[in-house]
Amino acid sequence: MADKKLFENLPEPQPDALLALIGLCRADPRPTKIDVGVGVYRDAAGATPILRSVKAAEKILIETQDTKTYLGSDGDTRFVELIKQVAFGDALAGDPTLVGVQTPGGCGALRLGAELLKSAGATRIFLGQPTWPNHAPLLGVARLETVDYPYYDTAKRTVRFDEMMKALEGARAGDVVLLHGCCHNPTGADLSLDQWDRLSRFVADRGLIPFIDLAYQGLGNGLDEDAAGTRMMVERVDQALVAQSCDKNFGLYRERTGALFVKAPSEAVAKAVYGNLLSLARTNWSMPPDHGAAIVRIILDTPDLRADWKAELTEMLARIRGLRARLAAADPRLAYIDEQNGMFSMLPLSPEQVLELRKEEGFYMAGSGRFNVAGLSDENVDRFAKAVAAKLPA
Ligand code: PMP
């Protein structure tokens with residue numbers, strides 16, 4: 001007989017600290033509160049509006065779409081072709097050994113990649129410390145053993161590159177190394193091109209498999225600049241995975257828009273990879289949601305909309321860079337923030353100091369000291385910098 005109390009065996013779900021923070025911020029009546037916790041882009045007015053180019057593409061879609069019948073497990077193949085060119089540039093866009101399928105966001109791409117790796121017999125994945133907290137659970141679900149490597153020194157505010165390379169000496173051929181393509185979450189500290197050069201030679205020599213998470217292309221220093229390390233790595237190795245997301249750079253968040261690309265050593269193997277991706281997708285979500293990918297396809301396929309999207313992305317990037325420069329100029333101890341990229345940086349604060357700033361100033365940031373630069377505005381950035389600097393050691 002079935003166990004009637006089956007669901008009582010379930011583990012206590014882990015509360016999501018960042019979601020809890022949203023609730024706390026919302027409940028705070030102080031008009032001077034600042035939400036730098038949640039990881040979405042905000043404009044100068046504190047809003048996360050739908051991009052003009054996205055609205056225009058949605059109108060076109062409503063007028064021209066004539067069926068809602070199923071697509072395949074690969075999703076919108078024209079979307080995949082177009083976003084491949086954006087992510088990898090012209091040199092790799094036509095590479096038949098680099099195959100891709102549409103996924104439900106970057107999360108879907110990470111999960112699908114992990115399942116492909118597991119199915120191919122990979123056993124270990126190296127993860128930088130710190131990394132995005134969802135990496136380990138998303139990849140761990142494919143039962144890959146996770147091994148930590150040092151990535152960022154919070155006190156020194158720099159990438160621990162030598163230590164990282166030393167830790168990777170312990171990786172064996174076929175081991176997977178997770179990397180952030182740009183705009184590292186949570187630290188904002190990216191590898192320099194010189195470091196990508198050294199790392200990609202090492203990874204190629206050792207037969208390691210890079211798995212690059214490219215979730216913020218265009219929000220660091222520009223579309224091509226932000227993808228330069230990823231492209232260098234993919235060109236140098238014969239096996240790689242790239243989880244791409246359009247959820248930040250097209251502001252599509254809830255539409256769950258992304259793709260997984262896999263580079264194989266030959267066209268024949270790439271075909272086998274593609275077939276496997278389709279079967280794995282089929283058993284996960286059958287096929288990805290269409291709307292976001294259709295929007296991106298229309299934007300990238302329509303010259304006016306493509307140009308407008310690029311202008312909007314440049315505006316977002318300029319706002320982030322401007323805020324970073326303001327924080328850096330406010331205090332020498334915050335100067336490192338201007339060297340970092342994307343929406344996030346970490347403040348070298350203890351969890352107690354983070355709580356004090358919440359109580360005293362109404363600043364809502366993660367307990368780790370990670371804050372969303374785009375959550376600041378021209379009006380409050382100086383107050384934020386001053387209050388944070390007051391907590392830092394002289
Ligand atoms: N990777 C990183 C580093 C992220 O920060 C995020 C989103 N917060 C993702 C992947 C997943 O993005 P998506 O919303 O497209 O699933």
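**Entry 1: a ring cluster**

I began with the rings of Phe 363, Phe 371 and Phe 384, which ring pairs link into a cluster. I keep in mind that this is a predicted model.

I counted five aromatic pairs in the structure. I then looked up Phe 88 and Phe 261, an aromatic pair with edge-to-face geometry. Their centres are 5.2 Å apart, and 80° lies between the planes.

Phe 363 is in strand β12 (residues 363-364) and Phe 384 is in helix α13 (residues 381-389). The two residues are 21 residues apart, and the pair links distant parts of the chain. I find Phe 363 buried at 0% relative accessible area. Phe 384 is buried at 1%.

**Entry 2: a charge over a ring**

Which residue has its charged end over the ring of Phe 344? I found Arg 370 there, 3.8 Å from the ring centre.

**Entry 3: salt bridges**

How many salt bridges does the structure hold? I noted 22.

I picked Asp 301 and Arg 78, whose side chains meet at 2.6 Å, N to O. Asp 301 sits in helix α10 (residues 291-301), while Arg 78 sits in helix α3 (residues 77-93). This pair links distant parts of the chain, 223 residues apart. Asp 301 is partly exposed at 35% relative accessibility. Arg 78 is also partly exposed, at 32%.

Next came Arg 201 and Asp 197, a salt bridge of 3.2 Å, N to O. Both residues lie in helix α7 (residues 193-206). They are four residues apart, about one turn of the helix. I list Arg 201 as partly exposed, at 45%.

I also looked up Arg 333 and Asp 331. Their closest N and O atoms are 2.9 Å apart, and they form a salt bridge. Arg 333 is partly exposed, with 26% relative accessible area. Asp 331 is buried, at 11%. Buried means under 20%, so the two partners fall on either side of that cut-off.

**Entry 4: Thr 131**

Where is Thr 131 placed? I found it in the loop between β3 (124-129) and α5 (135-140). Thr 131 is buried, at 14% relative accessible area.

I checked the polar contacts of its side chain. One joins Thr 131 to the side chain of His 135, at 2.8 Å. Another goes from Thr 131 to the side chain of His 180, at 2.8 Å.

What else does Thr 131 touch, leaving out residues up to four places away in sequence? I listed Leu 178, His 180, His 184, Asn 185 and Pro 186.

Key. Residues are numbered from 1 along each chain as its sequence is written. This is a predicted model: local features need pLDDT of at least 70, side-chain atom pairs count only at pLDDT 80 or more; totals for chains, interfaces and linings use all residues. Side-chain values use heavy atoms; hydrogens and water are left out. Buried means under 20% relative accessible area, exposed over 50%, partly exposed in between (1.4 Å probe, protein chains only). A polar contact is a pair of N or O atoms within 3.5 Å; within protein, one must be able to donate a hydrogen and the other to accept it, and residues adjacent in sequence count only if both atoms are side-chain atoms. Contact means heavy atoms within 4.5 Å. A salt bridge is a side-chain nitrogen of Lys or Arg within 4 Å of a carboxyl oxygen of Asp or Glu. Rings of Phe, Tyr and Trp (its six-membered ring) pair if their centres lie within 6.5 Å; planes under 30 degrees apart count as stacked, over 60 as edge-to-face and the rest as tilted. A charge sits over a ring if NZ of Lys or CZ of Arg is within 6 Å of the ring centre and within 35 degrees of the ring normal.
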